[in-house]
Amino acid sequence: MDDAALVEQFRKGDVGAFEELVRRYQDKVMATCVRMLGNHADAEDAAQEVFVKVYDALPRFDPRAKFSTWLYRISTNHCLNVLRARKVRRFFSLQRTEPEADGYLPSAQCDPGPGPDGAVEQEECGRALWKAIDSLPESQKVATVLARFGNLSYAEIAEVMETTVSAVESILHRAKRQLYRELSDLLEEGPQV
Amino acid sequence: MTCKTVQRRLSAFLDGELTEELTRQVGEHVSRCTECAAELARLQKVWQLLGSLPPVQAPPFFATRVLAQVKAGRRNLVERVGELVFARPLLPIAVSVGILAGVLLGSRLGSWITGGYRHGSEALVTQVATEFESFGDLPPGSLSEAYVTLASANNIK
């Protein structure tokens, strides 16, 4: 059964259809949240809240729209709100601690080898990856996460972000250059971009 | 194609998002331009680094927890609606009724006390006036007579 049929079933009162939609998209929503928020604990809470929002909003969902696009839009908007709230909390908090970037560990290319030093370096690498993505402006962050971790096409990203394909192309180009600048030490080259 | 045009297209080239013709043109340019080739290599490296991260999976029983949260949310919603419909309007109404009752009671008590005092004070004035009359034999033109006359006039009329 395709997404549209499940949505229709749910609108007729079948909660099982909603459960099937959750099972179908839970990994994708979770991945989006982990990559945007940087750690599994926050991401799990966010992903659950996303599906609760979806449940509440499904009766008003336009059946002509694509469910997955709509879901990604809700997910990324929700994560952006979480990040904004996190920034506000950090601003008013005495502790200026960075969030634990466990969503970025372990990484094959960051793995410097076995031993206690290796674990520390791997953690630093994970933190660097998270900080690099977190340093991007909101639109670049969303486009990067959808393109790299959601494997969405530029056309799909444009639909999620409600913009044009050429705008997505430009956003992603700038994002990649910025990420390279942020990660140049890790990539064993000086910043050249 | 100029280097500037090619470099703007490199990200889409890397992601396989260009048309066949544009892919061919950019590919040709990169193969003979070291600067654009270096830029492409840099973008490729950073994209590969991000791509090397392990895939993310939702934790076990995620869907079950979502459904439980949805049900809890609906219960909370019912409670919230109950609060909105019943509790919230009742509070100002109760406060208003309390204030009104207080004002009415205060007004009643006030008029009762004032009425009693007025009644009592009239009796007192009459009594004083009667007492002053017993001083009628004071010598005419004396200070005592002037005082009694003045006090009787002020209190009685």
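Begin by selecting both chains and colouring the residues in contact (heavy atoms within 4.5 Å), for this contact draws 34 residues from chain B and 47 residues from chain A. The model is a predicted one, in which local features need pLDDT of at least 70, side-chain atom pairs count only at pLDDT 80 or more, and totals for chains, interfaces and linings use all residues. Residues are numbered from 1 along each chain as its sequence is written, chains are lettered from A and ligands numbered from 1 in the order in which they are written, and side-chain values use heavy atoms, with hydrogens and water left out.

Keep both chains in view: together they bury about 3,800 Å², 66% of it on carbon and sulfur atoms, where buried area is the accessible area (1.4 Å probe) that two parts lose on being put together, summed over both. Next select B:W47, B:L49 and B:V56, the residues of chain B that lose the most area to chain A, together 18% of what that side buries.

Now show the side chains of B:E39 and A:R177, which meet in a salt bridge at 2.8 Å, N to O; the term stands for a side-chain nitrogen of Lys or Arg within 4 Å of a carboxyl oxygen of Asp or Glu. Four salt bridges are found across the interface of chain B and chain A. Colour α1 (3–14), α3 (34–51) and α4 of chain B, the elements that each give two or more residues to the side touching chain A, helices being DSSP runs (H or I, at least four residues) numbered from the N terminus. Of these, α3(B) gives the most, with ten residues.

Finally, move to chain A and select A:R24 and A:D3, which form a salt bridge with their closest N and O atoms 2.8 Å apart. A:R24 lies in helix α2 (residues 15–37) of chain A and A:D3 in helix α1 (residues 3–11) of chain A, so the pair ties together parts that are 21 residues apart in sequence.
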